[in-house]
Amino acid sequence: MITKEMIYQKTPQQITALLYEAGLTQFDRAITFLEAKQYAEANKAMQKINDITERLGAGLNYEAGIIADQLDHVYNFIADTVVQANLYKDAERLQQARQLFETIAEAWNEALRAAPARPAARKRNAYEQNIFVEARPANTFETGN
């Protein structure tokens, strides 16, 4: 189980990798449940898949270029396919969506290995943004002017 503390110690890139891992787990669960005709459980797993896919889409950096737009379309396609698989109780259709999701996950993980994640730039808090402290020579003081 992943705790909040563990999440706070991860970079955004590592969190994305965790989302892919969780998504693949939910795909496997949903396919198993569909094949066993356990539709309520399959439905819950597919809802989790779409929640994860939505979170991945929400995390896209559209300033990065066309790849973000393309990934957004792929995530929407996956989500639509999952909905259709849920509607028609179609494990084969869900497997096809899983394969696409897995391809993206593998590419992401390969990119992480090739270029290790860097921590996100720390945002300055309101105090740091509005207060500027500078070194003053000895025997000086601030008059407020």
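**One turn apart**

Let's start in helix α3: Asp-51 and Arg-55 sit 4 residues apart there, so about one helical turn separates them. The two form a salt bridge, with their closest N and O atoms 3.1 Å apart. By salt bridge I mean a side-chain nitrogen of Lys or Arg within 4 Å of a carboxyl oxygen of Asp or Glu. Asp-51 is partly exposed, at 34% relative accessible area, and Arg-55 counts as exposed, at 51%. For those words, buried is under 20% relative accessible area, exposed is over 50%, and partly exposed is in between, using a 1.4 Å probe and protein chains only.

A quick word on what you're looking at. This is a predicted model, where local features need pLDDT of at least 70 and side-chain atom pairs count only at pLDDT 80 or more, while totals for chains, interfaces and linings use all residues. Residues are numbered from 1 along each chain as its sequence is written, and side-chain values use heavy atoms, leaving out hydrogens and water.

Okay, the overall picture. The protein chain has 6 helices and 0 strands. Helices (H or I, at least four residues) and strands (E, at least two) are DSSP runs, numbered from the N terminus. Of the chain's 145 residues, 27% count as buried. And if you take the contacts between residues at least 6 apart in sequence, 63% of them join residues at least 24 apart; contact here means heavy atoms within 4.5 Å.

Now over to helix α5. It has 24 residues and reaches 34 Å from its first C-alpha to its last, close to the 34 Å expected at 1.5 Å a residue. That expected span is 1.5 Å times one less than the number of residues. Which helices do the buried residues of α5 pack against? They pack against α2, α3 (39–58) and α4 (66–88). Among those buried residues are Leu-94, Arg-98, Phe-101 and Ile-104. At the start of α5, a side-chain oxygen of Asp-90 comes to within 3.1 Å of the backbone nitrogen of Glu-92.

Keep an eye on Arg-98, which is buried at a relative accessible area of 11%. Asp-28 forms a salt bridge with Arg-98, and the closest N and O atoms are 2.5 Å apart. Asp-28 lies in helix α2 and Arg-98 in helix α5, so this pair ties together parts 70 residues apart in sequence. Arg-98 also meets Glu-102 in a salt bridge, 3.0 Å from N to O. Those two both lie in α5, 4 residues apart, about one turn of the helix. Put together, Asp-28, Arg-98 and Glu-102 are linked in a network of salt bridges.

Next, the rings. There are 3 aromatic pairs in the structure. Rings of Phe, Tyr and Trp (its six-membered ring) pair if their centres lie within 6.5 Å, and planes under 30 degrees apart count as stacked, over 60 as edge-to-face and the rest as tilted. The rings of Tyr-20 and Trp-108 have centres 6.4 Å apart and planes at 50°, so that pair is tilted. Tyr-20 is in helix α2 (residues 12–35) and Trp-108 in helix α5 (residues 91–114), so the pair ties together parts 88 residues apart in sequence. Buried or exposed, what about Tyr-20? Tyr-20 is buried, at 2%, whereas Trp-108 counts as partly exposed, at 28%.

Phe-27 and Phe-101 make another tilted pair, 5.4 Å centre to centre with 50° between the planes. Phe-27 lies in α2 and Phe-101 in α5, so here the parts tied together are 74 residues apart in sequence. Phe-27 is buried, and so is Phe-101. Tyr-20, Phe-27, Phe-101 and Trp-108 form one aromatic cluster.

Last stop, two lysines in loops. Lys-37 is in the loop between α2 and α3, and its phi is near 60°, a positive value in a residue other than glycine. Lys-89 lies in the loop between α4 and α5, with a phi near 55°, again positive in a residue other than glycine. Lys-37 counts as exposed, at 60% relative accessibility, while Lys-89 counts as partly exposed, at 36%.

How values were computed: Polar contact = N/O pair within 3.5 Å; in protein donor to acceptor, adjacent residues only side chain to side chain.
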